[in-house]
Structure formats: C-alpha cells, structure tokens
Amino acid sequence: MRGFIAGTPKVYLSGAMEYVADGGADWRERVEKTLGHAGLDTFNPCVQGPEILSRMGLNVESYHSLKYGTSADFSRFQEITNMFIDLDLAELRTSHIVLAKLCSKGSGGTAGELTVARHLGIPVV
C-alpha cells in the first residue's frame with residue numbers, strides 16, 4: 001500500500017458521469033462534504049470538468065454535441081477529452097485513496113481510473 005505523502009490526504013472520487021442522470025454530481029457532493037468535515041481533501045471531476053469547459057467557451061451539452069450532435073467535431077472532442085484524462089492522471093498521482101461508485105452501465109473512465117490506481121498502488125474502496 002502506498003504511504004501518505006506530506007499534506008492533507010486526498011480522496012479521488014471515481015464513478016460514471018456520462019451515463020447517469022445527474023452526471024455523477026449528487027453522490028460526489030455529499031461525499032465531498034462528509035470527507036471535508038473529516039479533514040480530507042477530495043478531487044471531484046464534476047467540479048473541475050465544467051470549469052475547464054467554461055474556460056474554453058463550452059458547457060457539458062456543447063462538449064457532448066462535439067461527439068454526438070449536429071455540430072460534431074470529433075477531433076475537437078478528442079482534444080478536450082485528452083485534457084480531462086491528463087487532469088485525471090495528475091490528480092490520481094497525488095491521491096491517497098480512490099473512492100469508486102460503480103454503476104450497471106459501464107464507464108470507460110472509471111475503469112481506467114481504477115486500473116491506474118492499482119498500478120500506482122493506491123487503495124480503491
């Protein structure tokens with residue numbers, strides 16, 4: 001198991017976003033609040049993702065329309081998705097534990113996060 005590094009322990013909140021009604025925000029907000037009261041930091045992609053999109057002049061709907069909608073631009077979608085993956089990997093590398101909420105609809109992002117966590121020796125709950 002990976003040892004704690006200096007600073008406040010950080011919990012990475014992993015779970016489906018694309019295939020759930022609220023984008024995975026509700027459970028993350030509740031857990032984030034509880035863990036914050038316990039003195040733990042969290043990484044919540046439901047907060048950071050929309051902030052990144054906003055800086056690019058997009059929102060979640062316009063981001064998805066790059067892949068699925070009438071304004072399809074898969075290369076732009078892929079560029080932005082790669083930015084999210086880079087952010088996720090950076091956050092995973094500095095996390096002490098991954099808290100994962102699994103759902104019946106598969107999530108490639110969640111599977112990737114759990115694989116990387118295992119490779120880095122980060123416990124997954």
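Predicted model: local features only at pLDDT ≥ 70, side-chain atom pairs only at ≥ 80, totals over all residues.

Visitor: How is a pair of aromatic rings described?

Guide: By the distance of the centres and the angle of the planes. Rings of Phe, Tyr and Trp (its six-membered ring) pair if their centres lie within 6.5 Å; planes under 30 degrees apart are stacked, over 60 edge-to-face, and the rest tilted. Here Y63 and F84 are edge-to-face, at 5.5 Å centre to centre with 85° between the planes. Y63 belongs to helix α3 and F84 to helix α4, so the pair ties together parts 21 residues apart in sequence. F84 is also buried, at a relative accessible area of 15%.

Visitor: How many aromatic pairs does the structure hold?

Guide: Four. Ring pairs join Y63, F74, F77 and F84 into a cluster.

Visitor: How are two packed helices described?

Guide: By the angle between their axes and the distance between the axes. Helices are DSSP runs (H or I, at least four residues), numbered from the N terminus. Axes are lines fitted to C-alpha atoms over the stretch in contact, and angles run from 0 to 180 degrees between N-to-C directions. Helix α3 (residues 60–68) packs on helix α4 (residues 74–93) at about 130°, with the axes 7 Å apart. That makes α3 oblique to α4 (under 35 degrees is roughly parallel, over 145 roughly antiparallel, 65 to 115 roughly perpendicular, the rest oblique).

Visitor: Which residues make the contact of α3 with α4?

Guide: With contact meaning heavy atoms within 4.5 Å, α3 contributes Y63, L66 and K67, and α4 contributes F74, R76, F77, I80, T81 and F84.

Visitor: At what angle do α2 and α4 pack?

Guide: Helix α2 (residues 45–55) and α4 pack at about 140°, with their axes 11 Å apart. The two are therefore oblique to each other. Q48, G49, I52 and L53 of α2 meet I80, M83, F84 and L87 of α4.

Methods:
Residues numbered from 1 in each chain as written. Heavy atoms only, no water. Buried < 20%, exposed > 50% of the residue type's maximum accessible area, 1.4 Å probe, protein only.
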